[in-house]
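Hi everyone, thanks for coming. Let me put the structure up on the screen.

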Amino acid sequence: MTDRHLPKVVRRARRVAAAGAGGIACASVREYVLTCTCAGVWEAHPSKRLADADRIEHLNQVCQVPLEQQCRRPRAHKRAAGEYCELCVTQIALDLGIPGLDDGAVSL
Ligand SMILES: [Zn+2]
Ligand SMILES: [Zn+2]
């Protein structure tokens, strides 16, 4: 498992049995599936567009800043809402009461 992401849509062919006029025949079905260096597994799709949607969704998930690291005071800290903010991260560490710093002397 790695936290680097390189999502890629790959095309592959799958052999399936298809009922035809003269009985069962083998057909090759083309499908698209998203793969990523984080070893994620996605469902195969019949169209590239759907697999590409998986890729965009995955990238969005990856780029998502964890809730506890998002800025809670965007205006005061000059951040976009939801943006990573080291000021807030530091403040949360203080809120959690790191030993030696929890004397009530710290305020924003
Ligand atoms: Zn990934
Ligand atoms: Zn902040």
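First, some housekeeping. What you see is a predicted model, so local features need pLDDT of at least 70 and side-chain atom pairs count only at pLDDT 80 or more, while totals for chains, interfaces and linings use all residues. Residues are numbered from 1 along each chain as its sequence is written, and chains are lettered from A and ligands numbered from 1 in the order in which they are written.

How confident is the predictor? pLDDT is its confidence in each residue, from 0 to 100. The protein averages 83, and 87% of the residues score at least 70. Confidence is highest in helix α2 (residues 74-77), at a mean of 92, and lowest in helix α3 (residues 86-95), at 82.

Now the fold. The protein has 3 helices and 2 strands, and along the sequence they follow the pattern β-β-α-α-α. Helices here are DSSP runs of H or I with at least four residues, and strands are runs of E with at least two, numbered from the N terminus.

Let's look at the strands. Strand β1 (residues 8-20) and strand β2 (residues 23-35) pair in the antiparallel sense over 13 bridges; pairing means that DSSP finds at least two bridges between them. The two form a hairpin with 2 residues between them. If you'd like landmarks, Lys 8 stands opposite Thr 35 in β2, and Ala 13 stands opposite Arg 30.

Is strand β1 buried or in the open? Of its 13 residues, the number buried is 0, so β1 lies largely in the open. Buried means 20 or more other C-beta atoms within 10 Å of a residue's own, exposed means 12 or fewer, and partly exposed is in between, with C-beta atoms placed from the backbone. Across the protein, buried residues make up 7% of the 108 residues.

Last stop: Val 62, in helix α1 (residues 48-63). Val 62 counts as partly exposed because it has 14 C-beta neighbours inside 10 Å.

Technical notes
pLDDT is the predictor's confidence in each residue, from 0 to 100.
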